[in-house]
Amino acid sequence: MATNPLSILFVASEVDGLIKSGGLADVAKALPQALHSAGQDIRIAIPGYSGIEHLSDAPILLESQLESWPHTPYRVRQCAVGDVSVYAIENESYFARPAMYAENNQAYSDNGERFAFFSAAALDMLPKLGFQPNIVHANDWHTGLVPFLLKYRYQRNDFYRFMRSIISVHNAVFKGVFSYEDVRCLPEFHSHDIWPAAISHSHIAMLKAGVMCADKINAVSPSYAEELKTELGSHGMAWEFQTRANDLVGILNGCDYQAWNPETDTYLPVNYNAERESLSAGKRGCKQALQEQIGLPILDVPMLGMVCRLTQQKGIYYLLPILKDLLKHQVQLVIVGTGEPILAENLREMAGRYSDKLVFIEAYNNQLAHLVEAASDFFLMPSEFEPCGLNQIYSMAYGTLPIVRSVGGLKDSVIDYDDDAHSATGFAFSEPTSQALLLVIQRALLLYCQSPNEFVRIQQNAMAQDFCWTDAAQQYIALYHQALEG
Ligand code: GLC
């Protein structure tokens, strides 16, 4: 059914192509691109961090100040990612800093004020730019106050009255909890009983404000939408998600196959496709290049890769206790990531002890991420929880079988070999224990060593998967229309 195109403002704290720290940025680039290709008028708003390359060369569209007290000045610059316009909202005192959110693992103490300001400015700029979207699409806690302000500040304002809001939940463990004092920059919080945002008499949670005020809410996978309605899965916000259950849906993220295609990936020394000979030559060449680059012996042994933020979420605590047992096998393991110092220290220590089998690279490096995806035979994602996860999807595209814990988007995207050998695309385990992880890895290694033909068939299954953004974009468009009708 053809419907009129919508105009949409997509508000996020990071966008790949300009500045990125994690999966949110991938989505904030790819989803707007897909919506644009589907004929929608979509524009993005992000903070004008000084870390964005060449930002100071971008044209200035607007010099203004917040209309609500305290009239904070801001500047909007015109950037772009692909074909999509990006409004970068600058304010020196908030965003001219070395990092986006934290330095030395320490969050900026005024993050509440910074993202309250950004959320307010993203709406304040609209009439001044002459852009009146039908939909304002917020993402995670950083922009949770956008749906809140639309309701609380602008409901009776003619310009904003018919705008509807969506919030996407990429990770509910981060809630944006601040004291009323921290967010005094918004006059709405001078009163201490703002129930949609309040989590106590003294504190608010920006994610809660977004979830309670948005017209529609989506989680980044169907299983995560279900998990959010539980205490454990929502990290203590079950009541809010249950209350909004009728407006909550799950839409699985897609994959940007332009960036993640082993046949065209310029980061790879050898390109390949799913055809048997090409696949085996490609993976062999990539494995050897990675072994050379990171100093592992050049051996034809199964290689396991892991690229992630080093946080509890990613299941490193399941992996650490079994590393010794795992490394008794003829395997190589490569872990790339940065994050919690204690996890990095543990991995560094183990890598020192087993240097012929385990390499830990404490870095965030896109080239290496691509090479590890291509060179590995298996990709490890034993997450405690995973709203969607993208690396398992990239892995499949590269014929690298994901080994995942069956939660959230991992559950929705990987078919376990023991569950359904015919359609399998990887391996999954459920129990949140190290032992269960070790068992599933051993299961995977057994297939690799004993049934090479069957292994290739599963690789080809994985490579034939198509998690395209075009389909996800259609689901978002349907959700936008529901919001407008509601
Ligand atoms: C967050 C989640 C991850 C998800 C990504 C994009 O980083 O932890 O599971 O894939 O957002 O939605």
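Reply: Leaving aside residues up to four places away in sequence, Thr-72 is in contact with Ser-64, Gln-65, Leu-66, Asn-91, Tyr-94 and Phe-117. Please note that this is a predicted model.

Me: Where is Thr-72 found?
Reply: Thr-72 sits in the loop between strand S3 (60-65) and strand S4 (73-81).

Me: And is Thr-72 buried or exposed?
Reply: Thr-72 counts as buried, because its relative accessibility is 13% and the cut-off for buried is under 20%.

Me: Now the ligand. Which residues around it come nearest?
Reply: There are 14 residues around the ligand, and the nearest are His-170, Asn-253, Glu-386, Cys-388 and Gly-389.

Me: How far is the side chain of His-170 from an oxygen atom of the ligand?
Reply: An N or O atom in the His-170 side chain is 2.7 Å from a ligand oxygen atom. For Asn-171, a polar side-chain atom lies 3.4 Å from an oxygen atom of the ligand. Cys-388 instead uses its backbone, with an N or O atom 3.0 Å from a ligand oxygen atom.

Me: How much of the ligand's accessible area does the protein cover?
Reply: On its own the ligand has 310 Å² of accessible area, and the protein covers 93% of that.

Me: How do the shell residues divide into nonpolar, polar and charged?
Reply: Six are nonpolar, six are polar and two are charged.

Me: Which domains does the shell draw on?
Reply: Domain 1 (7-254 + 469-485) and domain 2 (276-463) each supply at least three residues of the shell.

Key
Residues numbered from 1 in each chain as written. Predicted model: local features only at pLDDT ≥ 70, side-chain atom pairs only at ≥ 80, totals over all residues. Heavy atoms only, no water. Near = heavy atom within 4 Å. Polar contact = N/O pair within 3.5 Å; in protein donor to acceptor, adjacent residues only side chain to side chain. Areas by Shrake-Rupley, 256 points an atom, 1.4 Å probe, with all protein chains shown as cover. Nonpolar A, V, L, I, M, F, W, Y, C, P; charged D, E, K, R; others polar. Domains from an automatic or database assignment. Helix = DSSP H or I, 4+ residues; strand = E, 2+ residues; numbered from the N terminus. Buried < 20%, exposed > 50% of the residue type's maximum accessible area, 1.4 Å probe, protein only. Contact = heavy atoms within 4.5 Å.
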